[in-house]
Each structure stands twice: as C-alpha cells, then as structure tokens.
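Please open the structure in your viewer and keep the selection panel at hand, as this tour moves from one selection to the next and says what is found at each stop.

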Amino acid sequence: MRDPSLEAIVAANDDYRKGYHDGNAGGLRAVDTDLAVGNIRQGKTVFGLPGTVAAYHDDAWDGGIQSAGLSTVSHKYTETDIDAGDNYQYTGHPLTVVEGAVIEAFGMAHVLAEAINKLKMQLLIGGVLVAESGYISTTGYSVKTVMGYREGLAAGDYTVALEVKNYDTETRWVRRISYYLGEGSVSA
Amino acid sequence: MKFLVPLTGTLLTYGPTGDPDDPVRVIDLDLGDVEWHAVGFDLENGLVEIEVSGAEAAMLKIKQLLEGNTVQELYDMSGSPRLKKPGVS
C-alpha cells in the first residue's frame, strides 16, 4: 500500500523527498534528456557523465576559432633608425579568413627608445591601421603593447603588422630586444 | 571617448585592404599621449571612428583638435592627402 502514493521523479523540479519516489529504470537521463554529455562543460562530470563542451564554447556564437598564431617577428638586439615622421614595420604571418570573419591582434615590444614621448607603436591588419599606443615614455627599456581588431571582413588573406612610428621632427633610433605579434580570427 | 578622424593612404579593395606601401591610416597628426583603436570605418567618406583613452589633459587636447577643426582643416594641418579609393584616380 502506498501511503502516501509514490511520486515520479520529473525534470520540471528538484523536489526529491525521502521515501516518496519509485525510481526510474532509465536513470536520471531518462527523467531529463538535457542531462547529456553535450550539455556539460569539458572537465566536469555530472552523475557519472563526463562533459564534452569545450570551455570556449558559447551557444550564442555559432562560429568558431578559425586560426590563431603568435609570430615572433624579432628577438635580437639590433638598432633601427627611423626618419622623422616615418615608421618601421615588422610583419607577422598572413591569416586566410572566410567572408564576415573577425581578426583580433596584438603587438608587444620590448624596446629601448632614444627619445621620450616621440615614438609610438602601431598595429595594422591587412594594410589598415587599427590601433596606436601612447608614447614610449622612457629612454630606458620598456614594454609597450597595442591591440586592435577588424570585423566583417571579405574572404581573403590579411597580414598583421607592428610598426614603430616616429612623431619627432628628427631621426630617432630604437633598439629592440623582442617584438611579438599575436593574431587570431573567428568566422562569423 | 569616440572621435571621427579623416583617413589617408590607398584603399585597394573594399575588403577592406590597404596598400602595404601606403596603408589606410589616420592622417599624419600626432594625437598626443593617448591610446586608441578603430571601432568602425566609413570608407565612402574617408573616415574612421576611434575609441580613445588617456589622461584627462590628453583627452581634452585631442577633443579640441578633432572637434575644433573641419575635415579639410585637419587634412591641411597634417599635409596628408585624402584616401585614395579603388577605381578613383
């Protein structure tokens, strides 16, 4: 005799009172089909089910990482003269993207500059300037970064480049220890 | 804070891609000790919208520069030519 009568375990709520349920031969996955490996984050296990969803996955984003890379465009101690108003460019790897893609990039430099508040870092994607840093504000070694992006691109190849721009009225030099470019693209 | 800045350089395609030897870029004006990145391009009118950050004094200076002058005046100050577009000589 069931007194009170046994209740089914249901997906609609988490009310699971002691002594009131008669179980389900199909297990919890039969109670709620949303309990599935594809709904659980990778690295987590829920009721014995190991998740398979990659950490970067977002249900609202139907694209994915198309390509990514890190270019070490220079990593040795050299000295470069930059004429007044001119710039010096370091070029990274080209990215091939599909229609509507987004490219995000950063450039990072460890430099020694001749002049304070005369030189800046610039970032270009596909021959288009997308970002500029503040001044290199010390004649000692410093690390300067610049970040930018472009979106809604046409399909094709896009090269990311990092530049040092000389805003002074005379030639200035920079000595570089390292320049790095990080590039990534995602499809729309 | 966002500003519109005139562009110079050579546009090869509406991809858009610029000429590696003459990149599409803001006119040749030192905008001061600020950082900026592009948030949108109006290639028909040769403008880029940039998001700028920096100290208060530097922000005031760039605001006076970019909002206190017409596009033509900014081109004249910089000495930069207008953006060259595909099929337009």
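Begin by selecting chain B, where residues 24 or more positions apart account for 56% of the contacts with a separation of 6 or more; two residues are in contact here if their C-beta atoms, placed from the backbone, lie within 7 Å. This is a predicted model, in which local features need pLDDT of at least 70 and side-chain atom pairs count only at pLDDT 80 or more, while totals for chains, interfaces and linings use all residues. Residues are numbered from 1 along each chain as its sequence is written, and chains are lettered from A and ligands numbered from 1 in the order in which they are written.

The C-alpha trace of chain B spans about 40 × 25 × 20 Å along its principal axes. Of the 89 residues in this chain, 29% are buried, where buried stands for 20 or more other C-beta atoms within 10 Å of the residue's own, exposed for 12 or fewer, and partly exposed for what lies in between, with C-beta atoms placed from the backbone.

Next, show both chains and select the open sheet of 8 strands, whose order is E5(A)-E10(A)-E7(A)-E8(A)-E5(B)-E6(B)-E1(B)-E4(B) with antiparallel pairing; two strands pair if DSSP finds at least two bridges between them. Its edge strands, each pairing on one side only, are strand E5 (87-97) of chain A and strand E4 (25-26) of chain B. At the chain B end, strand E1 (residues 2-8) of chain B and E4(B) pair in the antiparallel sense over 2 bridges, and Leu7(B) has Val26(B) in E4(B) as its bridge partner.

Now move to the interface, where 19 residues of chain A are in contact with 21 residues of chain B. On the side of chain A that touches chain B, E8(A) gives the most, with 8 residues. Here E8(A) and E5(B) pair in the antiparallel sense over 2 bridges, and the bridge partner of Ala131(A) in E5(B) is His37(B).

Select Leu124(A), which, not counting residues up to four places away in sequence, touches Leu129(A), Val130(A), Val160(A), Ala161(A), Glu163(A) and Pro23(B).

Finish at Asp168(A), in the loop between strand E10 (156-166) and strand E11 (172-186) of chain A. Is Asp168(A) buried or partly exposed? Asp168(A) is partly exposed, because 17 other C-beta atoms lie within 10 Å. Leaving aside neighbours within four places in sequence, Asp168(A) is in contact with Ala84(A), Ala115(A) and Lys118(A).

Conventions: Helix = DSSP H or I, 4+ residues; strand = E, 2+ residues; numbered from the N terminus.
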